[in-house]
Amino acid sequence: MAQKIALVTGATSGIGRATAIQLVQQGFKVVAAGRRSERLQELVQELGQDQVFPVEFDVRDRDAVHAALTSLPPEWRAVEVLVNNAGNAHGLAPIQSGDLDDWDAMLDINVKGLLYVTKEILPIMIERKAGHIINIGSIAGKEAYANGNVYCASKFAVDALSKAMRIDLVHEGVKVSEVNPGAVETEFSEVRFKGDKERAASVYQGFEPLTAHDIAELIGFMVTRPRHVNIAEVLILPAAQASATVINKR
Ligand code: NDP
Ligand code: 8X3
């Protein structure tokens with residue numbers, strides 16, 4: 001049987017990178033997307049050019065998204081799994097002192113970027129009457145927390161879109177699922193705190209956070225269920241985390 005093709009956005013780091021590796025290990029071919037081309041090349045070196053096809057674009061740039069995804073080589077076009085993972089938090093500040101560029105980044109990447117990529121891939125899925133979209137939301141899309149404001153809003157939007165997409169696409173044979181992680185140790189906090197590694201590391205001190213691999217394994221399980229099964233929504237937390245802000249730190 002032909003290998004299925006998955007497109008993973010944000011495959012240069014963290015959850016996306018781990019998911020690309022996991023899916024290749026499970027027999028998928030992976031179109032790996034991100035902006036840092038050297039990291040995409042590393043993934044190709046690691047997993048093989050028959051298994052990974054790198055595509056470089058900024059999800060905010062809808063022309064670039066369109067150009068990259070409409071020019072996939074024919075043997076990489078039949079995308080059956082889309083993991084909408086690219087995203088980040090930028091800043092952690094009360095709404096009254098939020099930075100407009102940070103707000104734009106979060107809404108443009110986490111919400112509009114997800115939409116631009118989805119828009120390009122849906123015609124392929126609908127034509128083939130086969131597809132599974134996994135949107136990476138967050139516990140921040142389930143609960144607002146202090147200073148999380150716009151990041152939370154972007155992830156609440158991912159939650160709403162996931163539900164709405166599932167309703168619209170159920171008639172097209174396309175499954176839509178949402179994975180909502182709690183604290184996962186990746187480059188996420190380094191980006192949120194603009195390169196302050198010490199502050200980023202402190203987020204994960206005193207408890208055992210999730211790893212990107214934990215999320216990748218879950219995604220690998222979800223996309224290999226039988227055709228009639230859709231694991232629609234999962235909240236996945238470290239054992240030490242009970243809510244967005246309650247973490248049993250020692
Ligand atoms: P990382 O910072 O490790 O990875 C983020 C990925 O997103 C990178 O591959 C980055 O690639 C990509 N990305 C960011 N901006 C853009 C852009 N403008 N265009 C294209 N790609 C972009 O963080 P995580 O792996 O933790 O985050 C992945 C997802 O998981 C995000 O949606 C995040 O909100 C979500 N999440 C994370 C949690 C955590 O605790 N870590 C918890 C809950 C949800 P590049 O820079 O090369 O473009
Ligand atoms: C990332 C987890 O709690 O920092 O979405 O918002 S949190």
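This is a predicted model: local features need pLDDT of at least 70, side-chain atom pairs count only at pLDDT 80 or more; totals for chains, interfaces and linings use all residues.
Helix H6 gives the most to the lining of the largest pocket, with 4 residues. The largest pocket holds about 1100 Å³ of space, the second largest pocket about 340 Å³, and the structure has 1 cavity of 30 Å³ or more.

**Largest pocket**

- The lining of the largest pocket is made up of 50 residues, and those that lie nearest its centre are Asn88, Tyr151, Thr186, Phe188 and Ser189.
- Two or more residues of this lining come from each of helix H1 (14-25), strand S2 (29-34), helix H5 (149-169) and helix H6 (188-192).
- By class, the lining of the largest pocket divides into 24 nonpolar, 18 polar and 8 charged residues.

**Second largest pocket**

- The second largest pocket, with about 340 Å³ of space, is lined by 20 residues, of which Gly131, His132, Gly173, Lys175 and Arg227 are the closest to its centre.
- S4, strand S5 (131-136), H5 and strand S6 (174-181) are the elements that give two or more residues to the lining of the second largest pocket, and S6 gives the most, with 3 residues.
- The lining of the second largest pocket comprises 9 nonpolar, 5 polar and 6 charged residues.

**Ligand 1**

- Ligand 1 is surrounded by 30 residues, the closest being Thr12, Ser13, Arg35, Tyr151 and Thr186; of these, Tyr151 and Thr186 are also listed among the residues nearest the centre of the largest pocket.
- Two side chains place polar atoms by oxygen atoms of ligand 1: a polar side-chain atom of Ser13 lies 2.5 Å from an oxygen atom of the ligand, and an N or O atom in the side chain of Arg35 is 2.6 Å from an oxygen atom of the ligand.
- From Val184, by contrast, the atom concerned belongs to the backbone, where an N or O atom lies 2.9 Å from an oxygen atom of ligand 1.

**Ligand 2**

- The surroundings of ligand 2 consist of Ser138, Ile139, Ala140, Tyr145, Tyr151, Phe188 and Arg192, and Tyr151 is also one of the residues closest to ligand 1.
- A polar side-chain atom of Ser138 lies 2.5 Å from an oxygen atom of ligand 2, and the side chain of Tyr145 likewise has an N or O atom 2.5 Å from an oxygen atom of this ligand.
- Arg192 also takes part through its side chain, a polar atom of which lies 3.4 Å from an oxygen atom of ligand 2.

- The largest cavity holds about 70 Å³ of space, and its lining consists of Thr9, Val59, Asn84, Asn85, Ala86, Ile109, Asn110, Gly113, Leu114, Ile136, Lys155 and Val158.
- H4 and H5 are the elements that give two or more residues to the lining of the largest cavity, and the largest share, 4 residues, comes from H4.
- This lining divides into 6 nonpolar, 5 polar and 1 charged residues.

**Asn85**

- Asn85, one of the residues that line the largest cavity, is placed in the loop between strand S4 (79-84) and helix H4 (100-128).
- Because its relative accessibility is 12%, which is under the 20% cut-off, Asn85 counts as buried.
- Leaving aside residues up to four places away in sequence, Asn85 touches Thr9, Gly10, Ile15, Gly16 and Ile136, and of these Thr9 and Ile136 also line the largest cavity.
- The side chain of Asn85 reaches the backbone oxygen of Gly10 at 3.3 Å.

Methods. Residues are numbered from 1 along each chain as its sequence is written. Chains are lettered from A and ligands numbered from 1 in the order in which they are written. Side-chain values use heavy atoms; hydrogens and water are left out. Buried means under 20% relative accessible area, exposed over 50%, partly exposed in between (1.4 Å probe, protein chains only). A polar contact is a pair of N or O atoms within 3.5 Å; within protein, one must be able to donate a hydrogen and the other to accept it, and residues adjacent in sequence count only if both atoms are side-chain atoms. Contact means heavy atoms within 4.5 Å. On a 1 Å grid over the protein atoms alone, a cavity is a set of points where a 1.4 Å probe fits but cannot get out, and a pocket is an open set with protein on both sides within 12 Å along at least five of seven lines; lining residues have an atom within 4 Å of a point. Grid points are joined across faces, edges and corners, and a volume is the space filled by probe spheres set on the points. Ala, Val, Leu, Ile, Met, Phe, Trp, Tyr, Cys and Pro count as nonpolar, Asp, Glu, Lys and Arg as charged, and the others, Gly among them, as polar. A residue is near a molecule or strand if one of its heavy atoms lies within 4 Å of it.
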